[in-house]
Each structure stands twice: as structure tokens, then as C-alpha cells.
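Here is my note on the model you sent over.

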Amino acid sequence: MNKKYGRILLLIIVMGIIIGILNMTMAETLYWGARGETVRSLQDKLKRWGYLEGNVDGVYGAQTYRAVVKFQKKHGLVADGVVGSKTAQKLGLTLKSSKTTPKGGAKTTSSQKNSKSMGYRDNEVQLLAKAINGEARGEPYTGQVAVGAVILNRVKHASFPNTIAGVIYQPGAFEAVANGQVNAKLVESSVKAARDALNGWDPTGGCRYYWNPATATSKWIWSRKVEKKIGKHWFGN
């Protein structure tokens, strides 16, 4: 009888551990474009502690992003503006299960919906994703979004073509086009990064150029003022 109860107790403990691990891996991540009560709770904490200058509105936008970066720098965290488990722990913020805030996979994310509402066609999303994939595959997620933002900043600037395709395929503009990496197999993060960039997330703060200082061969690029350093890339104007 004791052995039987012992096995049941052991089974309960093991199941508890498994459930705990699943909850950890399924915890949501808050980043630019997220909405809801968890974002509102995040903003409320940042506001009370003097990091957030904007309103507590439940929308993760530019001011919330800057506030999170300030908080992360203050507490020795990776200053990427993304609230994952480590940042949430420092904030004393409980992240919900990702089931309540769908992201990735076959589900439709808020950034997907918003990018469509802004008038971008699926082929433009895919093209931007291909460029990000070729240029920044393997970089931190914020760095991938940053590369997409640079492309979009060029689209908006009078010195560059006024379409995503025009900017990406402008002769000599991107190494990934020249070496064929633009056609490499897409990874999921590149598509998500494209949608987040199209949705308005610009980790570079408006930069139109980026380069890897370890591999850059252009003398001209070194004349650009460095504004940001994300991963292996430097960003500037």
C-alpha cells in the first residue's frame, strides 16, 4: 500500500515539474505592437518608477519601448526593449500563457493584422522578410527588426527608391542580393521581424544605413555617424 501511494506521489511530482516547464516555455513575450492588460500592467510599473513618460494605454509603442530599454540598462539586462522572462522577473511582472496572446505559428498575430491594415501586401511582407533573412539571419531579434526598419526608412527618404522592392534591389545596396543569400530558406523570425518593422517598430531610431564593422569593405560607410549598435551591426546616417 505504501509503495502504491509512493508511486502516485512521485507521479504527481513529475507531472507538476512537466507542467511548470511547459508554462515557462509558453510564457508570452511583450514587444512592440503588443496590446492588452499585461502591457498596461507593464506600463503602470514603468510609469510609477519614473521610466515611462507616456500614457498607460495598454499599447506597446515607442515610449514603452524606450522605457523598457532604460529599465533594462539600469538593471544590467540585455537592452533590447523586449520583455521576456528575465526582464519580467526584475519588474515583478507575471507574463501570461502565450495561448492568451497568440504569436507565431499558424495563428494570426496583432502585428500581422496591423501590417495588413496599413496596406502592405503579402508579397511585400515576404520580400522584406527575405532581405532580413539574407542580411541578418542569426542576429538578435531586435537586430533583425532593425535591418527591416532601415529598408523602410530608405523607402521613405527622397534619396532612395520609393518601394520596398526598389530599395532592396537597388544595385550594390545589399550584399545578400549580390551573393544570393536573399533567396535562402526563410526562418520564422525573419517573417515576424518584417511584420514588426512594417508595423512601425524601429529600433534604430530612423537610421538608413547599417554595416558590420568586422567585414565592411566600403571606405565611405565609415563616414556615417554611428547611432546604434545591435548585435554585430552598427546603424547610422
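**Notes on the predicted model**

1. Start with Leu46. This residue counts as buried, because its relative accessibility is 0%, and the cut-off for buried is under 20%. The model is a predicted one, so please read every value here as computed from predicted coordinates. Leu46 sits in helix H2, which covers residues 37-48.

2. What does Leu46 touch, once its neighbours within four places in sequence are left aside? The contacts are Tyr51, Leu52, Ala67, Val68, Phe71 and Leu91. Take Leu91 from that list. Leu46 and Leu91 are separated by 45 residues in sequence, yet their C-alpha atoms are 8.5 Å apart in space.

3. Now the overall layout. The protein has 10 helices and three strands. In sequence order the pattern is α-α-α-α-α-α-α-α-α-α-β-β-β. Of the 237 residues, 41% are buried. Consider the contacts between residues at least 6 apart in sequence: 59% of them join residues at least 24 apart.

4. H6 (residues 122-136) packs against H10 (residues 188-198) at an angle of about 120°. Their axes are 8 Å apart. The crossing of H6 past H10 is right-handed. On the H6 side, the contact uses Val125, Gln126, Leu128, Ala129, Ile132 and Asn133. On the H10 side, Ser190, Val191, Ala193, Ala194, Arg195, Ala197 and Leu198 take part. By class, the residues of this contact are nine nonpolar, three polar and one charged.

5. Next, the largest pocket. Its volume is about 800 Å³. The lining holds 27 residues, and those closest to the centre are Glu135, Ala173, Glu175, Tyr210 and Trp211. Which elements give two or more residues to this lining? They are H6, helix H9 (175-179) and strand S1 (209-211). H9 gives the most, with four residues. The lining divides into 12 nonpolar, nine polar and six charged residues.

6. The second largest pocket has a volume of about 460 Å³. It is lined by 20 residues. Nearest its centre lie Tyr65, Val69, Ala79, Pro203 and Lys228. Helix H3 (62-74) and strand S2 (226-230) are the elements that give two or more residues to the lining. H3 supplies the largest share, six residues. The classes here are nine nonpolar, four polar and seven charged.

7. Last, His233. This residue belongs to strand S3, residues 233-236. Is His233 buried or exposed? It is buried, because its relative accessible area is 7% and buried means under 20%. Leaving aside its neighbours within four places in sequence, His233 is in contact with Glu135, Ala136, Glu139, Val147, Tyr210, Trp211, Asn212 and Lys228.

Note on methods
Residues are numbered from 1 along each chain as its sequence is written. This is a predicted model: local features need pLDDT of at least 70, side-chain atom pairs count only at pLDDT 80 or more; totals for chains, interfaces and linings use all residues. Side-chain values use heavy atoms; hydrogens and water are left out. Axes are lines fitted to C-alpha atoms, for helices over the stretch in contact, and angles run from 0 to 180 degrees between N-to-C directions. A crossing is left-handed if the near helix is turned anticlockwise from the far one by less than a right angle, and right-handed if clockwise. Contact means heavy atoms within 4.5 Å. Ala, Val, Leu, Ile, Met, Phe, Trp, Tyr, Cys and Pro count as nonpolar, Asp, Glu, Lys and Arg as charged, and the others, Gly among them, as polar. On a 1 Å grid over the protein atoms alone, a cavity is a set of points where a 1.4 Å probe fits but cannot get out, and a pocket is an open set with protein on both sides within 12 Å along at least five of seven lines; lining residues have an atom within 4 Å of a point. Grid points are joined across faces, edges and corners, and a volume is the space filled by probe spheres set on the points. Buried means under 20% relative accessible area, exposed over 50%, partly exposed in between (1.4 Å probe, protein chains only).
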